Amino acid sequence: IRFFSSANVAGNIATVNNAILTTDGSGVPSMTTSLPPGIAIQGLPLTVISGTSQSASVNNSYVSNNASLCTITLPSTAVVGDTIQVAGLGAGGWKVAQNASQLIYLGSSVTTTGTGGSLASTNQYDSITYLRCVVTNTTWVCYGVQGNITVT
């Protein structure tokens, strides 16, 4: 990774393998702090879900923290480039549900179009670094997966 090296920049931050690396502006890392698996620093607001359902907002991060399954429903309105992050903490895991006409690509797999399709964790700590909207309102692509995600 190349760090910022401009003498005019003081205190840069980058993330690598779930760690925060900072520099003093010289390009040399000056501090490393570990992050929980699957949570990246991208300037997105973070919502910890303690219930069993959540309507997602674009450009937000979610941590499911319930003993029962937590269903996170994609926003019905999104523009190309909007993102969502999902990380597990609670034993119940999480499921990303879709609205009518929506679908999610995970590698060569794709969810069933509409409300019958979803992605789901199989382990408590599974995560998706981000889901990115690639077709306005309907199509999402999954990047940076930790764990074995079920595609339905």
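This note sets out numbered points on the strands, sheets and surface of a predicted model.

1. Basis. The model is predicted, so local features need pLDDT of at least 70 and side-chain atom pairs count only at pLDDT 80 or more, while totals for chains, interfaces and linings use all residues. Residues are numbered from 1 along each chain as its sequence is written, and side-chain values use heavy atoms, with hydrogens and water left out.

2. Overall composition. The protein chain has 15 strands and zero helices; strands (E, at least two residues) and helices (H or I, at least four) are DSSP runs, numbered from the N terminus. Of its 152 residues, 39% count as buried, where buried means under 20% relative accessible area, exposed over 50%, and partly exposed in between (1.4 Å probe, protein chains only). Among contacts (heavy atoms within 4.5 Å) with a separation of 6 or more, 45% join residues 24 or more positions apart.

3. The seven-strand sheet. An open sheet with mixed pairing has the order E4-E6-E8-E13-E14-E10-E11; two strands pair if DSSP finds at least two bridges between them. Its edge strands, E4 (46–49) and E11 (109–110), each pair on one side only. E4 runs parallel to E6 (residues 60–64), joined by four bridges, and Ile49 stands opposite Ser64.

4. Strand E8. In E8 (residues 83–88), six of six residues are buried. Both faces are covered, with Thr83, Gln85 and Ala87 on one side and Ile84, Val86 and Gly88 on the other. E8 is parallel to E6 over five bridges, with Ser64 opposite Gly88. Towards E13 (residues 127–135) the sense is antiparallel, over four bridges, and Thr83 has Arg132 as its bridge partner.

5. E5 and E7 (residues 70–73) pair in the parallel sense over three bridges, and Ser55 stands opposite Thr73.

6. Surface. The accessible surface of the protein chain is about 7,600 Å², with 52% belonging to carbon and sulfur atoms; areas come from the Shrake-Rupley method with a 1.4 Å probe, and for residues only the protein chains shown count as cover. Val134, Val135 and Tyr143 make a nonpolar surface patch of about 220 Å². Tyr143, in strand E14 (residues 139–146), counts as partly exposed at 34% relative accessibility. Patches are made of residues with over 30% relative accessible area and no salt bridge, nonpolar side chains (Val, Leu, Ile, Met, Phe, Trp, Tyr) being joined within 5 Å and like charges within 9 Å. A salt bridge is a side-chain nitrogen of Lys or Arg within 4 Å of a carboxyl oxygen of Asp or Glu.
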